[in-house]
Amino acid sequence: NAEYMGEPHQTFMDDPLRVLRAIRFTARFGYAPAPGLVDAMSSPEVRHALESKVSRERIGIELSGMLSGPAPLDALVFLRRCNLLSVVCVVPGAALIDSDAAPALPSAHQ
């Protein structure tokens with residue numbers, strides 16, 4: 001069980017990048033999240049702070065660390081569990097494709 005210093009919600013509000021670091025280290029070392037950690041990470045206030053206070057570059061560096069670590073799937077699952085996957089993996093508006101014009105994705109059963 002990973003132990004984190006301080007009250008998680010306030011710690012993440014003070015420095016929202018800590019959310020991504022906590023996810024990266026939790027996945028890397030196979031820790032179970034400390035009590036209250038997932039609730040704090042999932043709060044709308046923390047999500048907003050991460051979106052508004054942390055640069056895309058810093059988010060990208062943390063995501064790269066997650067994906068190059070020993071358990072990238074665990075990190076992605078944890079991001080999704082905390083409702084942060086869409087904060088980390090943003091598709092810019094100009095890059096959106098009209099769904100009618102988008103090519104069909106291959107079926108996993110082919």
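This is a predicted model: local features need pLDDT of at least 70, side-chain atom pairs count only at pLDDT 80 or more; totals for chains, interfaces and linings use all residues.
The protein has 7 helices and 0 strands, and, if you read along the sequence, the pattern is α-α-α-α-α-α-α. Of the 110 residues of the protein, 34% count as buried. If we take the contacts between residues at least 6 apart in sequence, 78% of them join residues at least 24 apart.

Let me begin with the core. The largest nonpolar core holds 24 residues, and those that touch the most other members are Phe 12, Leu 20, Ile 23, Met 41, Leu 79 and Leu 84. At least two residues of this core come from each of helix 2, helix 3, helix 4, helix 5, helix 6, which spans 72-81, and helix 7, while the largest contribution is that of helix 2, with 6 residues. As a general remark, nonpolar side chains tend to be buried together in soluble globular proteins.

Once residues up to four places away in sequence are set aside, Leu 20 touches Leu 50, Ile 59, Glu 62, Met 66, Leu 79 and Val 88. One name in that list, Glu 62, is found in helix 5. Is Glu 62 buried or exposed? With a relative accessible area of 3%, Glu 62 is buried, because anything under 20% counts as such. Apart from its neighbours within four places in sequence, Glu 62 is in contact with Leu 17, Leu 20, Arg 21 and Arg 24.

Now to two helices whose buried residues are arranged in a similar manner on the page, starting with helix 4. In helix 4, which covers residues 44-53, the buried residues are Val 46, Ala 49 and Leu 50. Around the helix axis these residues take up an arc of only 100°, which means that they sit on the same side of helix 4. The face turned away from that buried side carries Pro 44 and His 48, both of them exposed. What do the buried residues of helix 4 pack against? Their partners are helix 1 (8-14), helix 2 (17-29), helix 3 (37-42), helix 5 (56-68) and helix 7 (85-88).

In helix 6, the buried residues are Ala 75, Phe 78 and Leu 79. Seen down the axis, these buried residues fall within an arc of 100°, so they line one face of helix 6.

Asn 83 lies in the loop between helix 6 and helix 7, and has a positive phi of about 60° although it is not a glycine. For comparison, most residues other than glycine have a negative phi.

Let me turn to the cavity. How many cavities of 30 Å³ or more does the structure hold? There is 1, and the space in the largest cavity comes to about 40 Å³. The residues that line the largest cavity are Arg 24, Ala 27, Arg 28, Gly 65, Met 66, Gly 69, Pro 70, Ala 71 and Ala 75. Sorted by class, this lining has 5 nonpolar, 2 polar and 2 charged residues. Helix 2 and helix 5 each supply at least two residues of the lining, and helix 2 gives the most, with 3 residues.

Although Ala 22 and Met 41 are 19 residues apart along the chain, their C-alpha atoms are separated by 9.4 Å. The latter, Pro 8, belongs to helix 1, and at 18% relative accessibility Pro 8 also counts as buried, the cut-off being under 20%. Between the C-alpha atoms of Pro 8 and Val 19, which are 11 residues apart along the chain, the separation is 9.2 Å. When neighbours within four places in sequence are left aside, Pro 8 is in contact with Gly 36, Leu 37 and Ala 40.

How values were computed: Residues are numbered from 1 along each chain as its sequence is written. Side-chain values use heavy atoms; hydrogens and water are left out. Buried means under 20% relative accessible area, exposed over 50%, partly exposed in between (1.4 Å probe, protein chains only). Helices (H or I, at least four residues) and strands (E, at least two) are DSSP runs, numbered from the N terminus. The arc is that of the directions from the helix axis to the C-beta atoms. Contact means heavy atoms within 4.5 Å. A nonpolar core is a set of buried Ala, Val, Leu, Ile, Met, Phe, Trp, Tyr and Cys residues joined through side-chain atoms within 4.5 Å. On a 1 Å grid over the protein atoms alone, a cavity is a set of points where a 1.4 Å probe fits but cannot get out, and a pocket is an open set with protein on both sides within 12 Å along at least five of seven lines; lining residues have an atom within 4 Å of a point. Grid points are joined across faces, edges and corners, and a volume is the space filled by probe spheres set on the points. Ala, Val, Leu, Ile, Met, Phe, Trp, Tyr, Cys and Pro count as nonpolar, Asp, Glu, Lys and Arg as charged, and the others, Gly among them, as polar.
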